[in-house]
Amino acid sequence: MDYVDGFIIAVKKDRIEDYKRIAEESAQIFKELGALSVVECVADDVPYGKLTSFPRAVMAEEDEIVVFSWITYPSREVRDEANTRMMENEKMAAAMNEMPVDGKRMIFGGFKQIVSA
């Protein structure tokens, strides 16, 4: 089964188009480095929970919206190599400087798929 990198971040609402542009450019690079797919989703029906929720998890502020993303790879090894090469990519480094997010509040991790339908 595929390996999945998952991400949840808060993006400034007035910069969502900037984020989308950078995400599209980054997706092309990830795919060149072995990713099978890249998906970026903006919150549409994401309530602020009493105890836990996506907005709480990333400490989203009033002027921010939650983005939920994932990248699939054929294996963890391909993901690890892609991440190493991505950090060395000059175009990606420049894009990261433009990101309309607070990276300290990003939640991310790698996951082994157990079901795929």
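With which side chain does the side chain of D5 make a polar contact? In this predicted model, the partner is the side chain of R79, at 2.6 Å.

View 1. D5 belongs to strand 1, which covers residues 3-12. The side chains of D5 and R79 form a polar contact of 2.6 Å. D5 has a relative accessible area of 3%, and because this is under 20%, D5 counts as buried.

**View 2. The surroundings of D5.** Leaving aside residues up to four places away in sequence, D5 touches S69, W70, I71, Y73, R79, N83, G109 and G110.

**View 3. The fold of the protein chain.** Four helices and four strands make up the secondary structure, in the order β-α-β-α-β-α-α-β along the sequence. The radius of gyration is 15 Å, close to the 13 Å that the globule rule gives for 117 residues, so the chain is as compact as a globular protein of that length. Along the principal axes, the C-alpha atoms fill a box of roughly 40 × 35 × 20 Å. Of the contacts between residues at least 6 apart in sequence, 85% join residues at least 24 apart.

**View 4. Surface and charge of the protein chain.** The accessible surface is about 7,800 Å², and carbon and sulfur atoms account for 55% of this area. Buried residues are 32% of the 117 residues. There are 15 positive and 22 negative side chains, with the centres of the two sets 4 Å apart.

Note on methods: Residues numbered from 1 in each chain as written. Predicted model: local features only at pLDDT ≥ 70, side-chain atom pairs only at ≥ 80, totals over all residues. Heavy atoms only, no water. Helix = DSSP H or I, 4+ residues; strand = E, 2+ residues; numbered from the N terminus. Rg over C-alpha atoms; globule rule 2.2 N^0.38 Å. Buried < 20%, exposed > 50% of the residue type's maximum accessible area, 1.4 Å probe, protein only. Contact = heavy atoms within 4.5 Å. Areas by Shrake-Rupley, 256 points an atom, 1.4 Å probe, with all protein chains shown as cover. Lys, Arg positive; Asp, Glu negative; His and termini not counted. Charge placed at Lys NZ, Arg CZ, Asp CG, Glu CD. Polar contact = N/O pair within 3.5 Å; in protein donor to acceptor, adjacent residues only side chain to side chain.
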